[in-house]
Amino acid sequence: MPESVLVKFTGEMQPGITLRDLVNAIPYQAIQDGHLTVAKKGKINVFAGKVIEIAGLPDLKVEQAFELSDSAAERSAAACSVQLDKEPIIEYLSSNIALIEKMIEEGYDDARTLQRRADKMKEWLANPELLTPDADAEYAATIEINLNEITEPLLACPNDPDDVDTLTNILADPKRETNISEVFVGSCMTNIGLFRALGEVLKGEGEVPTKLWVAPPTKMDKEQLTEEGYYSIFAAAGARLEIPGCSLCMGNQAQVSENSYVFSTSTRNFDNRLGKGSQVYLGSAEVAAVTALLGRLPSKEEYMEIVPKKITAENQEGVYKYLNFHEVSSAQLTNLVHS
């Protein structure tokens, strides 16, 4: 059984900070604590081959928890778990049961296999119990991240997902190129809410000076975003609308221009992954949107001024709402199943 590293979040999420910043906060704090080094020679990586156990964020949606656990691959971890309360898991499974049963109704194969999955979910919902760590559990290391101290976006710099720093430090470093020619919003690290956030920031701003790539992870997301009018906003911004899927993240559907500087929401930024010679920053969809507007990385002040004007207290809940299949009409669910 591999050892575990406990990543414990404390405090309160600060204004303007996103879940992607928390993803990047893990290597950032590990570097501060001496558990991780960026340099390859004699590299230290406390996460390698271990299970990352994330605690302190019990109210995350399951989709958000996936965003955190998905990044464990970039830490070279063996696995990752996120300690959640029962409520978000109940919501997620209820959504999946509705989707599966609609698929069965619409004639998807294999109905028996699909029904078994739905029945297992219903079985857990009837008596929801979660695994919890032992009170005396021992860890290879404990990394504590104080959310009160994360007050600006954190980015992974070209071309290493471990090379994380604050926006302010990146802009102050003369060795860092901060002009960006291409922006990619997509990959399995995104969800429908992040594309709405992108759209809200771009709304009414006209065509952006960067080459903007937009690729929702699923066809269902594309259909819903189209219905809500966000694809019209992306088109008005001059975005290149990719088919749902991995797109630039895998480099097998399309590639950025040779030697270009890119801001991406994708999972990793290894050499040549998004395109030959590409230099890639990784961060949130919100920072991506502002970067697309400016053609460069924004300052902390620019970011904090632009995003709250576009994503306000009034529209925030609707922007970041997830696609819960048990909450949509039967007709809408039928359309989504066939999308």
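Me: Asn272 first. How exposed is Asn272?
Reply: Asn272 is partly exposed, because its relative accessible area is 42%. Buried means under 20%, exposed over 50%, and partly exposed in between, with a 1.4 Å probe and protein chains only.

Me: Where does Asn272 lie?
Reply: Asn272 lies in the loop between strand 10 and strand 11 (279-282). Helices (H or I, at least four residues) and strands (E, at least two) are DSSP runs, numbered from the N terminus.

Me: What should I know about the source?
Reply: This is a predicted model, where local features need pLDDT of at least 70 and side-chain atom pairs count only at pLDDT 80 or more, while totals for chains, interfaces and linings use all residues. Residues are numbered from 1 along each chain as its sequence is written, and side-chain values use heavy atoms, with hydrogens and water left out.

Me: Back to the backbone. What is the phi of Asn272?
Reply: Positive, about 65°, although Asn272 is not a glycine. Asn259 also has a positive phi of about 65° and is not a glycine; Asn259 is in the loop between strand 9 (240-241) and strand 10. Most residues other than glycine have a negative phi, and most peptide bonds are trans.

Me: Which peptide bonds are cis?
Reply: One of them runs from Asp109 to Asp110, with omega near -15°. Asp110 is in the loop between helix 3 and helix 4 (111-126). Another joins Pro158 and Asn159, with omega about -20°, and Asn159 is in the loop between strand 5 and strand 6 (164-166).

Me: Strand 10 came up. Is Ser264 buried or exposed?
Reply: Ser264 counts as buried because its relative accessibility is 0%. Ser264 is in strand 10 (residues 261-264). Leaving aside neighbours within four places in sequence, Ser264 is in contact (heavy atoms within 4.5 Å) with Phe184, Leu274, Val280, Tyr281, Leu282 and Gly283.

Me: And how many residues of helix 9 are buried?
Reply: In helix 9 (residues 285-294), 9 of the 10 residues are buried. They run from Ala285 through Leu293, with Glu286 and Thr291 among them. The cover includes strand 5 (154-156), strand 7 (182-186), helix 6 (192-202), strand 8 (211-215), strand 10 and helix 10 (300-310). Gly295 follows helix 9 and has a positive phi, near 75°.

Me: Different topic. At what angle do helix 3 and helix 12 cross?
Reply: The axes of helix 3 (residues 86-105) and helix 12 (residues 330-337) cross at roughly 75° and come within 10 Å. So helix 3 is roughly perpendicular to helix 12. Angles under 35 degrees count as roughly parallel, over 145 as roughly antiparallel, 65 to 115 as roughly perpendicular and the rest as oblique. Axes are lines fitted to C-alpha atoms, for helices over the stretch in contact, and angles run from 0 to 180 degrees between N-to-C directions.

Me: Which residues make that contact?
Reply: Helix 3 supplies Ala98, Leu99, Lys102 and Met103, and helix 12 supplies Ser330, Leu333, Thr334 and Val337.

Me: Last one, the sheet. What is the strand order?
Reply: The order is 3-2-1-4, in an open sheet of 4 strands with parallel pairing. Two strands pair if DSSP finds at least two bridges between them. Strand 3 (79-82) and strand 4 (141-146) are the edges, each pairing on one side only. The twist averages 15° from one strand to the next. Strand 2 (residues 51-55) and strand 3 are joined by 4 bridges, and Glu53 has Ser81 of strand 3 as a bridge partner.
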